[in-house]
Structures are given as C-alpha cells and as structure tokens.
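Please read it alongside the sequence and the coordinates.

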Amino acid sequence: MTSESVELGFVEKRAAWKLRSKFFPSKVGGKPAWLRLNNLPNRTDLLCSTCNNPLSFLMQVYAPVPEVESAFHRTIFIFMCSNGKCCRPFSGESFMVFRSQLPRKNDFYSFEPPAYKEKLSLDPSAEKYQPLCHVCGCFASLKCAGCDGKDYCCESHRSKDWEDGHKNSCGKEQGSVSKLQSNSFLLPEFDLVTETEQLPAAEPEKSDEAKMNEYRQFMQSSKAPKEMQDLPLDDLDINLKKNDKAFNKFHKRVNLEPEQVLRYQKGGLPLWVSSEHVPKPEDICNCSCGAKRIFEFQVMPQLLNSLSLDTAVDSVDWGTLAVYTCSKSCDQETENYVKEFLWKQDFSEDRN
C-alpha cells in the first residue's frame with residue numbers, strides 16, 4: 001500500500017518515562033524501547049561486520065499496518081557502528097535494521113491504549129523476560145564479576161561500564177552511591193515527532209544561474225552537511241552539474257523544513273541526495289519470506305547534527321539512509337525480530 005503524503009520526523013527532548021516500550025514510541029538514541037519483549041536480536045547480529053564491536057542504537061520508528069492483523073503494533077529499529085572508520089562511503093555494512101510486530105491481543109501489552117502517566121502498577125519491560133545489558137539495553141549474557149548485580153551483552157561493555165563509574169559503586173548498596181554514573185556508549189535520546197509535509201504551489205522553473213546561486217548559499221550555510229560546507233566554489237559548481245536533478249530536488253524539498261531528520265512514505269520513493277548510487281530493483285533483496293521489499297522511510301543527514309556526530313574527522317556520515325521492509329509485513333517470524341534492508345547513499349564519491 002502506497003502513501004501519497006510524506007510524514008516528516010523531527011527530534012524533540014522528552015522525559016525518559018514517556019519513551020518506554022508501553023507507549024510504543026518513535027525515538028532516537030538512548031536504549032531501544034523494544035516492542036516484542038522477548039526473543040531479542042542475538043548479540044552476533046548486533047556486532048559491526050568490520051570492527052566486530054557492538055552496534056549503537058540509532059533510532060526506532062513505530063509504524064503499525066492496520067490492515068495486517070499481526071502488525072497492529074509494528075516498530076522498525078536501526079542500529080549502527082559509531083566508529084566512523086567503519087562507515088564506508090556508499091556502504092550500509094555498518095548498519096543493521098530489525099522489524100518487530102505484534103497483534104493487538106498479545107502477551108505483553110494491554111488490549112486497550114495505555115494511560116499516559118508516569119507511574120503505573122504495570123510497566124511492561126523486556127528486562128522482565130531476559131537480562132538486558134546495563135550499557136546498551138540489548139540482550140545480556142554476562143554479569144559483573146564483582147557484585148553480580150549488573151548484566152552486560154559483552155566483555156567490552158562490562159569493561160566500559162567499569163571505567164564509566166561502576167568500579168566506584170560495585171558491591172555498594174544503591175543508596176550509598178550518591179552520583180549517577182555516565183554512559184558514554186549511548187547516543188543522545190530524543191522523541192521523534194511527525195507532521196505531514198506541506199508543499200507549496202508549483203513555481204516556474206528557475207534558471208541554471210538561479211539554481212547555482214541557491215545551491216552555493218545552501219552548501220555554505222549551517223544547514224548543509226559539515227563536510228560540504230568548506231568545499232571550494234568550483235567544486236560546488238562541478239557537484240551541481242553532476243547531480244543537478246537529484247540534488248536540486250533534494251535541496252528544494254528539504255529547504256522547506258530544514259530540521260527534518262526523517263521522511264516516511266511507505267511504498268513511495270526516497271528523496272535521493274545524488275543521481276549516483278541509486279539502487280536498482282535487483283539491489284533490494286527480498287524478505288526472508290520471499291516477498292519483495294518496498295521503501296518505507298529514510299533517515300536524513302540533519303540527524304547527524306542533532307546527535308553531534310558531524311564534529312569529528314572520522315565521524316559517522318551519510319547523505320541518506322533508505323530503509324526497505326517486507327511488502328507483506330510478513331508474520332512468519334513474528335516470534336523473533338526480523339532483519340530488513342538499508343541502502344546508504346552519500347553526497348559525493350570524493351568524500352575524504
């Protein structure tokens with residue numbers, strides 16, 4: 001089913017309790033608010049294929065499909081390697097996408113919508129079904145060797161938590177620890193709110209000179225990706241000529257709502273940042289059930305700025321991340337988290 005309108009996503013600060021699993025949030029950063037509260041992804045599926053370190057939780061999008069009974073609740077999760085050296089140009093290997101869905105009547109949540117209050121007697125949590133890593137919130141198989149009171153998904157997270165402050169509190173009663181320890185692994189947490197994209201009336205086609213001037217102004221502004229802001233004007237001119245149609249369309253649409261970090265249009269078409277490295281139908285592999293995958297949403301480069309990921313030389317980078325999911329929202333593996341497909345496109349092959 002194709003949606004004609006595009007839903008735009010924006011990040012907003014929100015109290016942590018409002019982003020729990022029971023409220024079915026769309027969110028960025030922090031720990032994942034798992035939908036299915038058991039049978040979480042295996043640790044091996046949450047390791048970077050390049051450096052073999054644990055992936056960081058990037059975001060989740062709550063996207064139910066009302067016409068599919070088993071997808072009354074449905075959430076798409078994205079994980080990524082936070083090591084910028086693993087984020088290779090035009091490669092999605094450092095990302096992982098999972099889909100989880102549940103019928104309205106299920107073992108974890110009430111049949112009726114939850115009361116939107118902070119303190120409730122019933123608070124569904126994945127931690128009630130299996131241990132979760134104290135650092136990342138994913139399935140854990142290790143414990144602190146000292147106090148046996150904290151769980152971890154791997155040895156590196158056990159060591160990280162120790163250095164982040166657990167060595168000062170290990171074995172002590174909770175009340176005797178006055179200062180909350182930090183968690184340097186997690187990305188900043190935000191609520192992901194949406195609104196329908198509003199397009200202005202069609203305007204007359206602009207001249208190449210006018211397009212060039214607009215392009216230069218945008219690429220030298222704070223709204224442009226950081227690595228593109230300092231390019232010489234000659235390089236900007238070359239890039240415009242090379243990617244005229246794709247990039248100008250991208251710039252024109254994004255400039256209407258410069259703070260957008262997500263574009264959701266299930267069954268629609270992505271807004272590409274370049275005419276290069278656009279996937280062909282055969283590049284989008286089918287779902288494990290055999291059904292074709294269709295475009296569902298894309299993550300915009302503005303999110304890099306919101307998460308302060310564009311400040312370092314070897315930081316994570318993308319032009320856009322296009323997520324494709326099973327066209328049937330299949331339920332053959334609803335007891336587990338199902339892997340989906342991500343296509344990463346960058347602004348230029350000349351990226352340093």
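**Overview**

Strand β1 is joined to strand β9 (residues 262–264) by three bridges, and the two run antiparallel; strands (E, at least two residues) and helices (H or I, at least four residues) are DSSP runs numbered from the N terminus. The model is predicted, so local features need pLDDT of at least 70 and side-chain atom pairs count only at pLDDT 80 or more, while totals for chains, interfaces and linings use all residues. Residues are numbered from 1 along each chain as its sequence is written, and side-chain values use heavy atoms, with hydrogens and water left out.

**Sheet**

- An open sheet of eleven strands has the order β12-β5-β4-β3-β2-β8-β1-β9-β10-β11-β13, with antiparallel pairing; two strands pair if DSSP finds at least two bridges between them.
- The edges are formed by β12 (338–339) and β13 (341–345), each of which has a single partner strand, so one side of each lacks a neighbour in the sheet.
- Between β1 and β9, Glu 7 stands opposite Tyr 264.
- β1 also pairs with strand β8 (residues 190–196), in the antiparallel sense and over six bridges; here Gly 9 stands opposite Thr 194 of β8.
- β4 and β5 run antiparallel and are joined by eight bridges, and the bridge partner of Phe 79 in β5 is Met 96.

**Nonpolar cores**

- The largest nonpolar core has 32 residues, and Trp 34, Phe 77 and Phe 79 have the most contacts inside it. Such a core is a set of buried Ala, Val, Leu, Ile, Met, Phe, Trp, Tyr and Cys residues joined through side-chain atoms within 4.5 Å.
- At least two residues of this core come from each of β4 (73–80) and β5 (95–102), and β5 gives the largest share, three residues.
- Another core, of 28 residues, lies apart from this one and includes Val 28, Leu 192, Leu 309 and Leu 342.
- Nonpolar side chains tend to be buried together in soluble globular proteins.
- Leaving out residues up to four places away in sequence, Phe 77 touches Pro 32, Ala 33, Trp 34, Leu 35, Phe 57, Met 59, Gln 60, Met 96, Val 97, Phe 98, Ser 100 and Tyr 337; contact means heavy atoms within 4.5 Å.
- Thr 75, in strand β4, is buried at 2% relative accessibility. Buried means under 20% relative accessible area, exposed over 50%, and partly exposed in between (1.4 Å probe, protein chains only).
- Beyond its neighbours within four places in sequence, Thr 75 is in contact with residues including Leu 35, Gln 60, Val 61, Phe 98 and Ser 100.

**Cysteines**

- A search of the whole structure finds zero disulfides, a disulfide being a pair of cysteine sulfur atoms within 2.5 Å.
- Cys 87 is in no disulfide, and the nearest cysteine sulfur, that of Cys 81, is 8.6 Å away; Cys 87 is buried at 1% relative accessibility.
- The sulfur of Cys 133 has its closest cysteine sulfur in Cys 136, at 3.7 Å, which is too far for a bond. Cys 133 counts as buried, at 2% relative accessibility.

**Annotated segment and helix α1**

- UniProt lists residues 133–170 as "domain: MYND-type" in an unreviewed entry; its positions are given in the numbering used here, feature names are shortened, and annotations may be inferred rather than shown by experiment.
- Over residues 133–170, the chain is 39% helix and 11% strand, and the end C-alpha atoms are 16 Å apart.
- Helix α1 (residues 155–169) has a kink of about 70° centred on Glu 163. The bend at a residue is the angle between axes fitted to the seven residues ending there and the seven starting there.
- His 157, Asp 161, Gly 165, His 166 and Ser 169 are the buried residues of α1, and what covers them includes β7 (151–152).
- Gly 171 follows α1 and has a positive phi, near 85°.

- Phe 24 has a positive phi, near 50°. Phe 24 lies in the loop between β1 (7–12) and β2 (27–28) and is buried, with a relative accessible area of 14%.
- Asn 52 has a positive phi, near 65°. Asn 52 is placed in the loop between β2 and β3 (56–62) and is exposed, with a relative accessible area of 52%.
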